[in-house]
Structure formats: C-alpha cells, structure tokens
Amino acid sequence: MAREELILEVAKQKISSEGFFNLRMSDVAKEAKISVGTLYTHFVSKEDLMVGVAICLLKKREKVFRRAGEIFEDPVHRIIGLIMGDYIMNREHGELAEVESLTLFPSVWKRASQLRTMQQNQLCEGIGELVHGFIMETLQNRDLFDEVME
C-alpha cells in the first residue's frame, strides 16, 4: 500500500472510531508509523487530510450511483436506487459522511491543498451531472407527475 493510501486508511479508521474532532495529526502519523513531518509532506493540513478522506468516500459514492444507473433501467427506479445508495453510504460511513459534508465549507477547503480541492470539486461535479441525468430521464416520464400535479 502506498504511503498516502496508508495515511488515508489510518485517518478513516481514527475518524470512524474517535470522531473527526478528536483526530490529531500526531496520532495519524504514529499509527501510520511515519513522522509528523512526513505526514505534512503528503497533507498540508488537517483540513487537507479531511478533503483526502472525503475524496475516498466520494469515489465510493460515485460507484454506488453509477451502479444504480446500470442495475435499474426504469428512470424512477434509478432515482430510488440513488436514494437507497445514499442512505446506505451515510449509514455505513456515518462519521466519514460527516467529514464529506464538512469539507464543502470554505473554512475547511480554503485550508486544503488546491490540487485536492480541485479533485473533490471534479468528483462532486461528476456526481451532480450523473444525478441530474437521472432526474432529467425521470422528468421525461410526465405521466408519473401529471397524476400528482392534478
């Protein structure tokens, strides 16, 4: 496992077990068996590490959402699949999903590296486009909504 992946795995485990607010960079370094200085060569701040963790979860979320698009042919079922996938992701990765949300606040992403922030933004945009596509397909099935809107 590459060093950065190891750091992210340690951070995810610590956040899951102890919560984000109890995460200390020195504890991550110790658990990963690296120096704090080495940790900071990979992640410029605690916020940068948070964004790294969020990126890991966003990649999983994107896979789950894409899988919903592959499994369900009916557009309404795709939307249901998205909702179910989102629910499962949040339930199984509670503390990490919280970090994922926190990283969207400027007070966090402004302290992260520009590269990691760009990666996160690209993933969010990709997921947004995927969801938008599913919604637009569903809206083409106007019969579903005509009954409700009457």
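The chain carries 19 positive and 24 negative charges, and their mean positions sit 10 Å apart. Here Lys and Arg count as positive and Asp and Glu as negative, with His and the chain ends not counted; each charge is placed at NZ of Lys, CZ of Arg, CG of Asp or CD of Glu.

A word on the source: this is a predicted model, where local features need pLDDT of at least 70, side-chain atom pairs count only at pLDDT 80 or more, and totals for chains, interfaces and linings use all residues. Residues are numbered from 1 along each chain as its sequence is written, and side-chain values use heavy atoms, with hydrogens and water left out.

As for the fold, the chain has 9 helices and 0 strands (DSSP runs: H or I of at least four residues for helices, E of at least two for strands, numbered from the N terminus). The C-alpha atoms fill a box of roughly 65 × 25 × 25 Å along the principal axes.

Now for the largest pocket, which holds about 330 Å³ of space. A pocket is an open set of points on a 1 Å grid over the protein atoms alone, where a 1.4 Å probe fits, with protein on both sides within 12 Å along at least five of seven lines; lining residues have an atom within 4 Å of a point. The volume is the space filled by probe spheres set on the points, which are joined across faces, edges and corners.

Of its 15 lining residues, Leu8, Gly52, Ile55, Cys56 and Lys59 lie nearest the centre. Helix 4 gives the most to the lining, with 6 residues.

| Helix | Residue range |
|---|---|
| Helix 1 | residues 3-18 |
| Helix 4 | residues 46-71 |
| Helix 8 | residues 114-139 |
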